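Reader: Could you give me a close look at how the helices pack around one of their number, and then at the pockets? I'd like the contacts spelled out.

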Amino acid sequence: MTERSRVPSLPDARGTLSEAVIGALGCEPGGTASLAPCGAVRNSDPYGDDLHLALYLCYELHYRGFDGVEDAWEWDPELLRLRAALERAFLSALRGDVPVHPDVASALRDVLVEPADGEGVSHFLRDGGTVQHLREYVALRSLYQLKEADPHAWAIPRLTGRAKAGLVAVEYDEFGAGRADRIHAGLFAAAMSELGLDPAYGRYLEAATAHTLAVVNLMSLLGLHRSLRGALAGHFAAVEITSSPSSRRLVQAIDRLGAGPAARHFYAEHVEADAVHEQLVRHEVIGGLQADDPGLTHDIAFGIDATVWLEDRLAGHILGAWSDGGSAVRRPL
């Protein structure tokens, strides 16, 4: 497989904003005076398909780009203007809707302790989900997992001391501890193949709902802005803290369904690794960042709470669809 064949194609539009971005990306950079009026962003649902597909497309130019799209679009001023408007709408909605803990300690405490009667996607899959449910879940999560550690790496030049050392230690594991065959994104791709899914990067963008895109977009939004480094650290903490227990349930689901060794290995790896990562993130990344810059305390709490809030929205969508006997994806796999 060539490097170019790994680049995804542009998807179909889901509204005027995404249509404008897709139309522009098919042209030469700098060739359009205005991608979309500001009013179109203001009138769009900040959690809707159209806005989040448009924002996802803008962000992907900083990752692998799209087939047939010029690399120069990554820093096109007009596209950046539109991206900034999309970001403001999304971030403003989150700041208005997400209940934020008064301090980091209480935010961490609530994600560290799972309720005894907890419900969620991993519980559903463990207790009675089918192989098709598991395939849908893995396909939706692929937009996140195939770039899992990448956005957090943007924090490295913005941190110092304990926070930087702790984050790099976790990232080192995420990227395979020096071994290409152990990179977590690669392990996830192997799990996808075993489940009969296409492991190509971005392959299931068309299947993903706005709930999924919002989760992925938050990670990119926080990673790309130095001013949001505190929130990115909070996001990092929430992901690492909640990963180990949910991964344990997914291992149990895979064992019950007989889904295969590659799928089991990916989640089993996260049970062990993320239990260690959780300690590093809490004590070194979060603790170090608070010691270096106490003014970021609210941003860290916001990052934790916004991550959990969007993940809960996604879980609610998936479980609602499955409980009604339907599908959680927009298009058949």
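Author: The axes of helix α1 (residues 16-25) and helix α3 (residues 49-60) cross at roughly 25° and come within 7 Å of each other. That makes α1 roughly parallel to α3 (under 35 degrees; over 145 is roughly antiparallel, 65 to 115 roughly perpendicular, the rest oblique). This is a predicted model, where local features need pLDDT of at least 70 and side-chain atom pairs pLDDT 80 or more, while totals for chains, interfaces and linings use all residues. Numbering starts from 1 along each chain as its sequence is written, and side-chain values use heavy atoms, without hydrogens and water.

A few terms: helices are DSSP runs (H or I, at least four residues), numbered from the N terminus. Axes are lines fitted to C-alpha atoms over the stretch in contact, with angles from 0 to 180 degrees between N-to-C directions.

On the α1 side, Thr16, Leu17, Ser18, Val21 and Ile22 make the contact (heavy atoms within 4.5 Å), meeting Asp50, Leu51, Leu53, Ala54 and Leu57 of α3. By class that's seven nonpolar, two polar and one charged (Ala, Val, Leu, Ile, Met, Phe, Trp, Tyr, Cys and Pro are nonpolar, Asp, Glu, Lys and Arg charged, the others, including Gly, polar).

α3 also packs on helix α11 (residues 210-224): their axes come within 9 Å and cross at roughly 40°, so the two are oblique to each other. The crossing is left-handed (the near helix is turned anticlockwise from the far one by less than a right angle). From α3 come Asp49, His52, Leu53, Leu55, Tyr56 and Tyr59, against Ala210, Leu213, Ala214, Val216, Asn217, Ser220, Leu221 and Leu224 in α11. Here the classes run to ten nonpolar, three polar and one charged.

Now the pockets. A pocket is an open set of 1 Å grid points where a 1.4 Å probe fits, with protein on both sides within 12 Å along at least five of seven lines, and lining residues have an atom within 4 Å of a point; volume is the space filled by probe spheres set on points joined across faces, edges and corners. Of its 45 lining residues, Glu114, Thr242, Ser246, Glu311 and Asp312 are the closest to the centre. α14 gives the most to that lining, with eleven residues, and the lining as a whole splits into 21 nonpolar, 13 polar and eleven charged.
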